[in-house]
Amino acid sequence: MNESIIEVQGLVKRYGKLAAVDGVSFDVPASTTFGLLGPNGAGKTTIVKMLTGLAKPTSGRVRMFGHDMARRPNAIKRRFGHVYAAMAFFPALSALENLTFFGRFYDLSARRLKERIEETLRFVELWEERKKLVGAYSSGMKQRLGIAKALVHEPDLLLFDEATNGVDVEGTDDIRELMFDLRVQGKTAVVTSHRLDEIELLSDDIGILDEGKIVRQGSPQSIRDGLRGLLFKYIVDRAEPIQETWSHPPATVRYIGTANVVLSETDVHSLLVAQFGADTVSEVEPTFEEACLWILKHPEANGAPEAVGASG
Amino acid sequence: MRAFTRLMCHFFLKRLFSLRNGAFFLLVIGLLLAGALDQQATRQRLSDSLGAPSGAEETFVSPVGSLHPGSSRLNTWEAVTATLRMSGAMLGGPLLLLRAMTPLLAFFLLFAGLLCAFDMVSRDLETSLMDSLLGLPVDRRALGLSKAFGETFALTLTLAAGCMAALVTVSAIGGLDWTAGQLARTLLFLPVLGAYCFAFVLVGMWISAKARSSNRSLWICGAVFVAVFSVHAVIENAVSIDRADLPEFPDLPASVVQHFRDAKLRGYPVSDWRPPEVEDYFASLDAYSAELATFMRARHRAERWWSFVSPPGLLIEVSGHLLQDQYHDVLDVFYSPEVGRRPASLAASLWQSAPEIAWLLLLCGGLMALNIRTLTRLEV
C-alpha cells in the first residue's frame, strides 16, 4: 500500500445544531483518486473545504503530507491544487495575468512560473485565449482555467469539488478528459460529485456520503459486490411494459422500449420466470449508479437477502 | 512580507483604477471646487466691502454677535472661520477653503468610505474569489491587512489628490498664494482626512465580512451612515450653549453712545484719545471677553469628550485647530491678552488637536485588529 497523502480522522463540522459532517474518516494513498459521492447537502463540499483549510473542523483531524492542517496550513497549501464549482478569477485580468498573480505565491522562480503557465494553459487548451480577459470567458473555459491554476505550481495532490457543475455537456466532457489524463499521470486526487458516472470513471476508491456520514466506502466494484443479496436486477425481454404483480415489495419496474428492467430488494427470479418464461428473464449485475442510489435510500442496510418464492 | 506586499500592491492597483474610485475622484473635485469657489467669492465680496486689504491687526471678530445655540466647539470653529472669511487681508489663504468644506467632507468621506468597502469581502465571497484567495499559501492576517491597506490607500490617495486638485484650482482662480506654513498645514490635514476615511473603510469592510452578502451589507452601511449623522446632530444640539449660561454683556452707557455719535458727525478718522467713560466701557468689554473666553474654554474642555463618540465632530475639531494660521490656540478668538505676542504655530495647533488625532489613530488600530480577527476566522 502506498503512503497516505491524506489522513482524515473523526471529522465533524457543525453549524449550530446541524452536523454538516459527522465523524468522517478516510485515507487517500498516493497516486490514487478518492471519490466522495452523495446527494446535495450530504457534506462533500464541507469536507473539501476542511481539507483545503477554508473551513475549520468543529472536531477531528486532517493530516496531509504528514502535516496537521490546523498547525501548518501553508505548508500543505503549497502542495495541492483546488478546483471547485464556478471557479472565480479577477475578471478584469487576462488568463495569463490571473495565473501569474496566483502562481507567484508558490515557490517557483519567475522563469519556471512562466514555463508552467504556458504548459498548463496548453494542457487545458487555453493558450490561444491567454490574453483574453477572463470576464469574457465561458463557464467551461473558466473551469479549464481553474484546472490550469490548480496545476501551475506542480502540486502533488488535486482536489476537484463539483468541478463540472454549471458547465455545458461539451465543457464537462473536456474537463473529465483532463481529470482522466491527470489520473493516468499518477496524480493523487480527491473528486467530489453528485454525478455517479463521473465518480465511477475517475475514482479508485469511493466514499458514499449521506447526511454528513460515510455510509459505504470502497472501490466501485467492491461497492457493487457489497450489494450481492441486497439488490437484484433482472431484464425481462418483452417489447411491452409489464406490471408488477407479485406481492412482496419493494421493486421497481422500468420499461425501456425493448425490455423491462426490474430492480428488487428480494430475489424474484423464480417469480419472473414463472410469469414470463425462463428464456425472457435474465439476472444481471446492477450498475454502479443503481447500486449507489440504493445505498443512499438504505444507508443503514447491511442484511442477508430474503428469497421470495413465486406467488402466482 | 513579500506575499503581503504583493497582495497589497494588487489590491491597491485594482481599487485605484476601478470605476468606483474614478467616480469618487471626480465627485470630490466637483464638490470641493463648487464649495471652495463659493467660499472664495464670499470672502472676496466681504473683503471688498470692508475696504482696502490690510494687516492681521485689522481683522475683526464679533463672537458675541455670532454666538448661536450650538456646542462651544462649533461656536469656536465658526468664529475662527468668520475671522478668516471676513479678513481684509485674506488671512488663512487657501486654508479657509478646505476649512469651510470640512463639515461637508466629514459626511462625504463617511459616505465614500462605507460605499467603497460595503462589498469588499462579501463580493469576493459571493463570486467565490475568496476561496481562491484564502486557498493561497499566505498567512490570513497578511491577506486581511493587505486587502484593508491596499484598497484603503487607493481610496485615500484618490480623495486626497482630488482635494489638492480642487484647492490648487480654486487658489489659481482666486489668485491666492500659498505660504509654506499653509502648505504644511494642508499637507498635515490630508493624512487626517485619510485616517478618517480609513476608519470608515474598515467599518464597511467589517460589516461586509460579517454580513456575507453585499445587499445586506449595503443596508447596514446605510444604517451606519444615518446613525453617525444623527449622533453628530444630536450631540451638537444636546450640548448647545444656553444664552442664559453666558456672562452678562456690559450695558452700553448713554455717554459712550453720545461720544461715538459725535465722532461720527465730526467724521472719521477719530483721534486715539477717548474720554475716560469710553475707556472704562472698553475695559468692561475686555473683562467680558475674558470671562466669555474662560467660560468657552471650560465648556470646550468638557464638550470635547462628546466628540469622541462622533467621528465628524473629531474631524471638525482637528480642522478647527490645524486649518488656521492666525491663533496660537483657536480659543484665543474670544479673548487673549497675549494676541500679537503669541504667533500662530503649527506645533501648537498639532498639540491642540493631538487628543482627537490620537483617538482617530486608536480607532483605526482597533478597527484594523477587529477586521484581522474577523478575516482570520472567516470561513467560506
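Strand E11 (residues 232-236) of chain A runs antiparallel to E13(A), joined by five bridges. Strands here are DSSP runs of E, at least two residues long, and helices are runs of H or I, at least four residues long, numbered from the N terminus. Two strands pair if DSSP finds at least two bridges between them. This is a predicted model: local features need pLDDT of at least 70, side-chain atom pairs count only at pLDDT 80 or more, and totals for chains, interfaces and linings use all residues. Residues are numbered from 1 along each chain as its sequence is written, while chains are lettered from A and ligands numbered from 1 in the order in which they are written.

Tyr234(A) stands opposite Val262(A) in E13(A). Strand E12 (residues 251-255) of chain A also pairs with E13(A), antiparallel, over five bridges. There, Tyr255(A) faces Asn260(A). Four residues lie between the strands of this hairpin, and Gly257(A) has a positive phi near 105°.

## Where chains A and B touch

Chain A gives 17 residues to the contact and chain B gives 16 (contact: C-beta atoms, placed from the backbone, within 7 Å). On the chain B side, helix H1 (2-16) and helix H7 (129-134) each supply at least two residues. H7(B) has the largest share, four residues.

## Lys147 of chain B

Lys147(B) sits in helix H8 (residues 140-174) of chain B. Why does Lys147(B) count as buried? Lys147(B) has 25 C-beta neighbours inside 10 Å, and a residue is buried if 20 or more other C-beta atoms lie within 10 Å of its own. Leaving out residues up to four places away in sequence, Lys147(B) touches Phe11(B) and Met120(B).

Methods:
Two residues are in contact if their C-beta atoms, placed from the backbone, lie within 7 Å. A residue is buried if 20 or more other C-beta atoms lie within 10 Å of its own, exposed if 12 or fewer, and partly exposed in between; C-beta atoms are placed from the backbone.
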